[in-house]
Amino acid sequence: MLRTNIAEQDNPSGHPQAILEGRADQGGEVGKNLWVGRFEAMASDCEILIENTSKQKAQELLAQIVRETWRIEHKFSRYRDDNMMYRINVSHGEALAVDQETAALLDFAEQCHQLSGGLFDITSGAYRRIWRFDGGDMVPSVAEIAEIRSVVGWEKISWDAPNLMLAKSMELDLGGLGKEYAVDRALLIAQHLRRFDSVGSCLINFGGDLACTGPRSGGDTWKIGVESATYNASAAAKVALAGGAVATSGDARRYVMHLGKKLPHIINPRTGWPVAGGPSAVSVAADSCMQAGMLSTLALLHGNQAEDFLDAQGVQYWLQT
C-alpha cells in the first residue's frame, strides 16, 4: 500500500492522503494489471482504477487527480467561508466579477435552466433553510415556503459573464454540478496521460458518478454496479461501460413524512415542495458526467413522468423505485 504526499496547500480540507494499491486482475501479477487509488472528497468515497501502468505513473496520475478534485471541492463548496461560492453568496446585491472557470459553470447552469423550463435551478438550495429531510415529520408552513420562493429563481439573477449580481438573500448552490464536474476534469487528466505518457485505461468513480477513458485492455468493458438508493449490499444494476460516463441522482434515505407518506428530498424550485411519485434514484449514461448528472436530476424533478422524460432524451438509463 502506497500513500500520496499531497502538500497541505493542495489539501485545504485536511483529507487523509490518498492510497494506491496493486491488485491482481484475472490471474495477473499484483500491481501489473490493475492499480486502485482511493481518497475522500465531496462527502464521497472516490476510486480510480488504472490498468497496465507502472507504479510510478499510477502514482502520478492519482496525485494529479486528487489535487484537481480537492481544488474543485474547495473552490465550489457552499460550506466554506474562504472560497468563490462564499464570495458570491455574501455579495448581498453587489455586482461581482467571477473567474473563467466559474463563469463556464454558470453558463452551463443557465443553459440547463432554460432547457428544463426552470426545473434545474441552482438558486433552489435556499430551500434547505426550511426543509429537513431527516425522516421526521416537520414540514414548513405555506408562509415559510412563500418567503423562500421569493428568493429562488435563476431569472432573478443578473448574469452577463463575467459579471454576476444576486438579489439580497439569494444564494447559489453548485452541489448539483460539482462532483460531476470533478469527474469530467479527472477524466481529462487521465486521457491526457494515456495519450502522452503511456498510462493505461482508467475508470473514475466518485461516489457512484463514473467515467472511463475507454475500453479495458483487450477491448473488454468495465463492469460496474449501480449503487442501490437504499444502500444495501447488492447493486441495483450491472452496467458494462466502454466509454463516456454514468451519473446517479437520488437517495431513498433522505425524506420527510407528511400525512403518512414519504416526501423525497427533490424539491421543485417553482413550488418549493418535494416532487412525489417519482423513482427513488435515476442513473443515466451520457458522453460526459455533467450531462449525465443533469439528465438524472431532471428525471427526478419530473416525478412520475421520469421515464417518459428519459425516453424522449434517447439515453440509456436505469430507474430505482
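Glu60, Leu61, Gln64, Ile65, Glu68, Thr69, Ile72 and Phe76 of helix H1 are in contact with Gly178, Tyr181, Ala182, Arg185, Ala186, Ile189, Ala190 and Leu193 of helix H5, where contact means heavy atoms within 4.5 Å. The model is a predicted one, in which local features need pLDDT of at least 70 and side-chain atom pairs count only at pLDDT 80 or more, while totals for chains, interfaces and linings use all residues. Residues are numbered from 1 along each chain as its sequence is written, and side-chain values use heavy atoms, with hydrogens and water left out.

The axes of H1 (residues 55–76) and H5 come within 9 Å and cross at roughly 155°. H1 is therefore roughly antiparallel to H5, a label given to angles over 145 degrees. Such axes are lines fitted to C-alpha atoms, for helices over the stretch in contact, with angles from 0 to 180 degrees between N-to-C directions. The crossing of H1 and H5 is right-handed, meaning that the near helix is turned clockwise from the far one by less than a right angle.

H5 itself covers residues 175–196, 22 residues in total, and its first and last C-alpha atoms are 32 Å apart, close to the 32 Å expected at 1.5 Å a residue. That expected span is 1.5 Å times one less than the number of residues. After H5 comes Ser198, with a positive phi near 60°. Helices (H or I, at least four residues) and strands (E, at least two) are DSSP runs, numbered from the N terminus.

Turning to the strands, an open sheet is formed by three of them in the order S5-S7-S6, with antiparallel pairing. Its edge strands, S5 (96–97) and S6 (158–160), each pair on one side only; two strands pair if DSSP finds at least two bridges between them. S6 is joined to S7 (residues 163–165) by three bridges, and Ser158 has Met165 in S7 as its bridge partner.

Strand S10 (residues 222–226) pairs with S11 (residues 237–241) in the antiparallel sense through five bridges, with Val226 opposite Ala237. In a regular strand the side chains alternate between the two faces of the sheet. Buried means under 20% relative accessible area, exposed over 50%, and partly exposed in between (1.4 Å probe, protein chains only).

Finally, Ser141 sits in the loop between helices H3 (100–115) and H4 (142–149). Ser141 is partly exposed, at a relative accessible area of 33%.

Technical notes:
Parallel < 35°, antiparallel > 145°, perpendicular 65-115°, else oblique.
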